[in-house]
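Hello,

Here is the structure I promised to pass on to you. Please have a look at it first, and then read my notes below.

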Amino acid sequence: MNWISVKDHLPTKNIENCLVTIDCFGVSRYMKTVSYAKDLSKVDKWDFPAKDYKNVGGFYDYNSEFGYYEVSNILAWCEVKPYDGD
């Protein structure tokens with residue numbers, strides 16, 4: 001697993017499971033699993049309306065109360081592969 005800084009580059013394809021490191025107000029950092037879409041408007045037409053998000057890539061997650069939301073302040077990411085064992 002290799003970490004990639006968002007300053008170097010973002011994913012070039014849609015990724016369902018990304019492990020990301022997030023800066024928390026410059027005080028601390030934490031890790032979270034999120035998704036990445038090259039076009040956020042294709043994720044959900046209500047939470048990412050085409051007028052604002054068409055052809056806009058970004059990391060996102062889902063909350064059962066509020067719906068989809070964009071995840072910001074990401075420092076680095078890596079694609080997580082499913083466990084393929086017993």
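**Strands and a buried phenylalanine**

Strand E3 (residues 28–37) pairs with strand E4 (residues 58–63) in the antiparallel sense, over 3 bridges. Two strands count as paired if DSSP finds at least two bridges between them; helices (H or I, at least four residues) and strands (E, at least two) are DSSP runs, numbered from the N terminus. Within this pair, Tyr36 has Phe59 in E4 as its bridge partner.

A word on the source: this is a predicted model, in which local features need pLDDT of at least 70 and side-chain atom pairs count only at pLDDT 80 or more, while totals for chains, interfaces and linings use all residues. Residues are numbered from 1 along each chain as its sequence is written, and side-chain values use heavy atoms, with hydrogens and water left out.

E4 also pairs with strand E5 (residues 67–70), antiparallel over 4 bridges, and the two form a hairpin with 3 residues between them. Here Tyr60 has Glu70 as its bridge partner, and Tyr62 stands opposite Tyr68.

The open sheet has 6 strands in the order E1-E6-E2-E3-E4-E5, with antiparallel pairing. Strand E1 (4–5) and E5 are at its edges with a single partner strand each, so one side of each has no neighbour in the sheet.

Now to Phe48, in the loop between E3 and helix H1 (50–53). Phe48 counts as buried because its relative accessibility is 1% (buried means under 20% relative accessible area, with a 1.4 Å probe and protein chains only). Leaving aside neighbours within four places in sequence, its contacts (heavy atoms within 4.5 Å) include Tyr60, Tyr68 and Glu70.

Best wishes

Notes:
Buried < 20%, exposed > 50% of the residue type's maximum accessible area, 1.4 Å probe, protein only.
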